Amino acid sequence: APPAGPARPALVLTSDDHLPGGHDRWLTADYANLTGWRRWIAVAGADHASFTDLGIFADQLGIDIGATTPGVRATAITRRYVRAMFDQHLRHRHQPLLDGASDRYPEVGIVAR
């Protein structure tokens, strides 16, 4: 993001080993520059590939990608949180899921606003 980051909604979905102030300094710096609505959401047990179709295929093929959250579950989480962001910002329908912890998704944590 540019130094005076965009004033648009931004959702960052990461595994729980990519947290603000962690080893991804560029991501922390870019996130800090965002000036619009923002959420940094971490999924426990996820891996980088968990947020793509690769997690599902890896599970089916028995390939270990380093995730403990199954690919189907990680895909459901990704879809739900992205849909919630779109519903909130494109359809203007408040989404409580983006405000805090959810019993339905206990492996998800909002780590920065």
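On a 1 Å grid over the protein atoms alone, a pocket is an open set of points where a 1.4 Å probe fits, with protein on both sides within 12 Å along at least five of seven lines, and its lining residues have an atom within 4 Å of a point. The structure discussed here is a predicted model, in which local features need pLDDT of at least 70 and side-chain atom pairs count only at pLDDT 80 or more, while totals for chains, interfaces and linings use all residues. Residues are numbered from 1 along each chain as its sequence is written, and side-chain values use heavy atoms, with hydrogens and water left out.

The largest pocket holds about 190 Å³ of space, a volume being the space filled by probe spheres set on the grid points, which are joined across faces, edges and corners. Its lining consists of Val12, Leu13, Thr14, Ser15, His18, Asp24, Trp26, Leu27, His48 and Phe51. By class, five of these residues are nonpolar, four are polar and one is charged. In this scheme Ala, Val, Leu, Ile, Met, Phe, Trp, Tyr, Cys and Pro count as nonpolar, Asp, Glu, Lys and Arg as charged, and the others, Gly among them, as polar. At least two lining residues come from each of strand E1 (10-15) and helix H1 (25-33); E1 gives the largest share, four residues. Helices (H or I, at least four residues) and strands (E, at least two) are DSSP runs, numbered from the N terminus.

Strand E1 also contains Leu11. Leaving aside neighbours within four places in sequence, Leu11 is in contact (heavy atoms within 4.5 Å) with Arg39, Ile41, Tyr81, Val82 and Met85.

In helix H1 lies Ala29, which is partly exposed at a relative accessible area of 41%. On this scale, buried means under 20% relative accessible area, exposed over 50%, and partly exposed in between, with a 1.4 Å probe and protein chains only. The C-alpha atoms of Ala29 and Arg104 are separated by 31 Å, and the two residues stand 75 apart along the chain.

Which residues of helix H2 (residues 54-61) are buried? They are Gly55, Ile56 and Ala58. These residues lie on the same side of H2 because they cover an arc of only 165 degrees around the axis, where the arc is that of the directions from the helix axis to the C-beta atoms. An α-helix has 3.6 residues a turn, so residues three or four places apart point the same way. The buried residues of H2 pack against H3, whereas the face turned away from the buried side carries the exposed residues Gln60 and Leu61. Just after H2, Gly62 takes a positive phi of about 75 degrees.

Helix H3 includes Asp87 and Gln88. Asp87 counts as buried because its relative accessible area is 13%; Gln88 is likewise buried, at 14% relative accessibility. Beyond its neighbours within four places in sequence, Asp87 is in contact with His92, Arg93 and Gln95. Gln88, with residues up to four places away not counted, touches Trp37, Arg93, His94, Gln95 and Leu98. The side chain of Gln88 also reaches the backbone nitrogen of Gln95 at 3.0 Å.

The loop between H3 and E3 contains His92. His92 has a positive phi of about 60 degrees although it is not a glycine. Is His92 buried or exposed? His92 is exposed, because its relative accessible area is 67%.

Asp103 is placed in the loop between helix H3 (71-90) and strand E3 (108-112). With a relative accessible area of 82%, Asp103 is exposed. Asp103 and Arg83 are 20 residues apart along the chain, and their C-alpha atoms are separated by 18 Å.

Definitions and conventions. Polar contact = N/O pair within 3.5 Å; in protein donor to acceptor, adjacent residues only side chain to side chain.
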